Amino acid sequence: MTTTFVDVPLTTHATDVVKFFCNLIHEVLEQEKVTELYKSLVALVETNLPRLVEQILSKHETVLGLSKVSEVQSFFQSLVVLIIRLPANQIAECVTKYCTAITSSSKNAELRLKTLTILFNFIESGNSARAEIFQNLVVYSSKNELVDSVSPYFKFVHDWCRSWGFNKVESRKIFKVIFEAIQSTKLYSNSYLDAVVAYLKTYEGEKNQEEAFPVARFACVHAITLDSVVQFDNICDLSV
């Protein structure tokens with residue numbers, strides 16, 4: 001099914017999302033139940049869009065279990081576009097519910113990670129809701145041995161933290177999530193090492209740096225293990 005996201009009224013787009021959703025689940029639900037669901041969802045289009053999003057997300061397991069993977073991804077893209085067109089306070093609410101729903105199971109983990117990535121990529125770069133999505137991406141990828149799928153993002157995290165208006169402590173929390181994910185892989189790569197070094201930099205200038213010592217040891221072992229690393233200047237220059 002083809003949906004158009006640009007230059008259409010919000011309520012029209014919301015109705016298209018409902019139609020898309022009902023057409024998808026028609027594969028597994030009886031026509032009578034689909035018709036009832038359609039009527040209940042359309043009734044929310046004019047009155048309560050966050051509730052509409054919540055109701056659709058309540059059926060996320062059904063959608064993610066469908067055989068038409070490309071259409072499922074397109075559907076979540078249309079749902080995400082609906083979410084980002086809502087007022088800012090409603091976006092934050094829907095983002096939390098979206099992340100909670102998608103990360104609730106490890107079944108179809110790769111598809112779930114892709115749907116989270118869709119949400120992350122569509123949210124404006126300066127929106128702090130992106131931080132919540134990113135943390136969910138990293139934690140979920142770690143739990144399902146998919147960290148390599150999100151590791152290309154690691155090099156941008158420092159700049160993202162600045163765009164979100166994060167201070168050093170807030171940035172450290174994000175890098176800690178990344179560090180724990182990297183530890184879980186038991187693998188070594190330059191991008192992983194760079195992320196660990198970036199995490200260590202958030203401790204520079206702090207009086208109490210004991211928490212950083214295990215991270216520093218990990219960085220050194222990581223660097224020694226990598227054949228591509230011939231000098232440790234970026235680690236040795238750290239005041240940790």
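The side chains of Arg51 and Glu54 form a salt bridge, with N and O 3.2 Å apart; a salt bridge is a side-chain nitrogen of Lys or Arg within 4 Å of a carboxyl oxygen of Asp or Glu. By this rule there are five salt bridges. The model is predicted, and local features need pLDDT of at least 70, side-chain atom pairs count only at pLDDT 80 or more, while totals for chains, interfaces and linings use all residues. Residues are numbered from 1 along each chain as its sequence is written, and side-chain values use heavy atoms, leaving out hydrogens and water.

**Salt-bridge network**

- Arg51, Glu54, Glu93 and Lys97 are linked in a network of salt bridges.
- Arg51 and Glu54 are three residues apart in helix H3 (residues 49-57), and therefore about one helical turn separates them. Helices (H or I, at least four residues) and strands (E, at least two) are DSSP runs, numbered from the N terminus.
- Arg51 is partly exposed at 34% relative accessibility, and Glu54 is partly exposed at 29%. Buried means under 20% relative accessible area, exposed over 50%, and partly exposed in between (1.4 Å probe, protein chains only).
- Glu54 also pairs with Lys97 in a salt bridge, in which the closest N and O atoms are 3.3 Å apart. Because Glu54 lies in helix H3 and Lys97 in helix H6 (residues 88-102), this pair ties together parts that are 43 residues apart in sequence.
- Lys97 meets Glu93 in a salt bridge as well, at 3.1 Å from N to O. Glu93 and Lys97 both belong to helix H6 and are four residues apart, about one turn of the helix.
- Lys97 counts as partly exposed at 28% relative accessibility, and Glu93 counts as partly exposed at 36%.

**Largest pocket**

- The largest pocket holds about 380 Å³ of space. On a 1 Å grid over the protein atoms alone, a pocket is an open set of points where a 1.4 Å probe fits, with protein on both sides within 12 Å along at least five of seven lines. Grid points are joined across faces, edges and corners, and a volume is the space filled by probe spheres set on the points.
- The lining of the largest pocket comprises 19 residues, and His158, Phe175, Ala198, Lys201 and Thr202 lie nearest its centre; lining residues have an atom within 4 Å of a point.
- Helix H10 (157-163), helix H11 (168-185) and helix H12 (190-201) each contribute at least two lining residues. H12 gives the largest share, six residues.
- By residue class, the lining has eight nonpolar, six polar and five charged residues. Ala, Val, Leu, Ile, Met, Phe, Trp, Tyr, Cys and Pro count as nonpolar, Asp, Glu, Lys and Arg as charged, and the others, Gly among them, as polar.

**Overall architecture**

- The protein has 14 helices and zero strands.
- The C-alpha trace spans about 65 × 35 × 30 Å along its principal axes.
- Of the 240 residues, 45% count as buried.
- Among contacts (heavy atoms within 4.5 Å) between residues at least 6 apart in sequence, 65% join residues at least 24 apart.
- The accessible surface comes to about 12,400 Å², of which 50% belongs to carbon and sulfur atoms; accessible areas come from the Shrake-Rupley method with a 1.4 Å probe.
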